[in-house]
Amino acid sequence: MRYFAQQLKHARYKVCSLDYASLRQSVKAVLLQTNKQINACISNANKVHFVGHSLGGLVIRAYLQNNSALLNSNKLGNVVLIGTPNKGSELANHLNGSWLMHIAGGISQALVTGDNSLGNTIDELNISLGVIAGTKRSPLTEHYFKGENDGLVSVESTKLNKMRDFITLDVSHTGMRYNQQVIQHTLYFLQTGAFLPPTLRTTALY
């Protein structure tokens, strides 16, 4: 997320990037580690916005669910989730039970779909939240999905009932971190609580 963070800094945001391992880690370990990092980052902030790509979006949702003081305060700003498997990933379903998934650890195993999916165990919150989903498929994974997807996560999986705004972009899961459209929509949502309207989407704003 280094490039993405640089773009946020150019827009005059103070940025804290979380640093955590996702392979061979349990869900509890990842959430404990990121909880400490977020607390340290926001301790002196007047307003806090969150931007999460993929698993990072689930980390954000879990953090907010477990930190009611921030959740119920005026300190919380806007939240953008990018390619987040809120309902799990069909690709994880395919790998579930394999030696590769066993090596990957608990956090990867929690990305399957269904009731045991990490995203489905986190409450939907009444916050200003926008979701960006990608539609650029991968020929290597396309046959694992029934609908639109970004190569790793389906568009349907990214959606939340209580999201304030939603948009799909022709970008792959990994490409989201470097895509200018994703960055512009994210910045606009952080400022306004909505994504760019159609009339502004062809204009370079930043």
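Strand β3 is covered on both of its faces: Leu129, Val131 and Ala133 on one side, and Gly130, Ile132 and Gly134 on the other, are all buried (under 20% relative accessible area, with exposed meaning over 50% and partly exposed in between, for a 1.4 Å probe and protein chains only). The strand spans residues 129-134, and six of its six residues are buried. Helices (H or I, at least four residues) and strands (E, at least two) are DSSP runs, numbered from the N terminus.

The model is predicted, so local features need pLDDT of at least 70 and side-chain atom pairs count only at pLDDT 80 or more, while totals for chains, interfaces and linings use all residues. Residues are numbered from 1 along each chain as its sequence is written, and side-chain values use heavy atoms, with hydrogens and water left out.

What flanks β3 can be followed through its pairings, where two strands pair if DSSP finds at least two bridges between them. Strand β2 (residues 76-82) runs parallel to β3 and is joined to it by four bridges; here Leu81 stands opposite Val131. Strand β4 (residues 165-169) also pairs with β3 in the parallel sense, over five bridges, and Gly134 stands opposite Leu169.

Turning to the rings, the whole structure holds two aromatic pairs (ring centres of Phe, Tyr and Trp, its six-membered ring, within 6.5 Å; planes under 30 degrees apart are stacked, over 60 edge-to-face, the rest tilted). Phe50 and Tyr63 form a tilted pair, 6.1 Å centre to centre with 45° between the planes. Because Phe50 lies in strand β1 (residues 48-53) and Tyr63 in helix α3 (residues 55-65), this pair ties together parts 13 residues apart in sequence. Phe50 is buried at 7% relative accessible area, and Tyr63 is buried at 4%. Phe189 and Phe195 form a tilted pair, at 5.0 Å and 40°, and both are buried.
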